[in-house]
Amino acid sequence: MNPEILANIKSSITTIPDYPKKGIMFRDITSLIQDSEAFNQTIDCFVEHYKDQGFTKVLGAEARGFIFGAAIAHRLNIGFIPARKPHKLPRETISRSYQLEYGDDALHIHKDALDANDKVLVVDDLIATGGTITAAIELVRELGASTTDAAFVIGLPELGGLEKLSALNMNSFCLISFDGE
């Protein structure tokens, strides 16, 4: 990947100290998606990395994973599956609870969203402790689909999520990383 493009993507992300609680350095991607050049470069990087790998669906974790996942799916010409918070999907769902750095939550997907013929790329904006994306991976696998790859704009390697994904036999791809939280 072009180092200048990656530097532009990284510089477009705003860091908010002590949000949503003291001690957290929140990496705010809304400044990235407001910058059309940085947003397009981000999607281009993912598409270049994942094209021609046989994916049939992209699953994006609510909420910021929707932004990147849907754009990647569109550009790869494959379907998009939203992994939503509770009570947001209208049909029968399966769910997984997970822990965040600052609380706990759950993800749901429709029971008929995937099957054994699907190869799924799992996408979120950021990986920290790995709780959200682990829940998403478990949902994909419960429905019989295969998933071996997870993509993130931001990696926070010191928080252990990438190791958690490695233990699940997942290949992780982060465009950029930040030290610490």
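1. A residue is called buried under 20% relative accessible area, exposed over 50% and partly exposed in between, as computed with a 1.4 Å probe on protein chains only. By that scale H87 is exposed, with a relative accessible area of 81%, and D18 is partly exposed at 41%.

2. The model is predicted, so that local features need pLDDT of at least 70 and side-chain atom pairs count only at pLDDT 80 or more, whereas totals for chains, interfaces and linings use all residues. Residues are numbered from 1 along each chain as its sequence is written, and side-chain values use heavy atoms, with hydrogens and water left out.

3. An open sheet is formed by 5 strands in the order β4-β3-β7-β8-β9, with parallel pairing; here helices (H or I, at least four residues) and strands (E, at least two) are DSSP runs numbered from the N terminus, and two strands pair if DSSP finds at least two bridges between them. The edge strands, each pairing on one side only, are β4 (79-83) and β9 (171-177). On average, and with direction ignored, neighbouring strands of this sheet are turned by 20 degrees against each other, where axes are lines fitted to C-alpha atoms, for helices over the stretch in contact, and angles run from 0 to 180 degrees between N-to-C directions.

4. Within the sheet, β7 (residues 119-127) and β8 (residues 146-155) pair in the parallel sense over 7 bridges, and the bridge partner of V123 in β8 is A151. Helix α3 (residues 36-50) packs on the sheet and touches β7, β8 and β9, its direction making about 150 degrees with that of β8; contact means heavy atoms within 4.5 Å. Helix α5 (residues 131-142), for its part, lies across β3 (57-61), β7 and β8 and runs at about 170 degrees to β7.

5. Two cis peptide bonds deserve a look in the model. One runs from Y19 to P20, with omega near 5 degrees, and P20 is found in the loop between β1 (14-17) and β2 (25-28). The other joins E62 and A63, with omega about -5 degrees, and A63 has its place in the loop between β3 and α4 (64-76).

6. D18, although not a glycine, has a positive phi of about 60 degrees and is found in the loop between β1 and β2. For H87, likewise a residue other than glycine, phi is near 65 degrees, and H87 is found in the loop between β4 and β5 (93-100).
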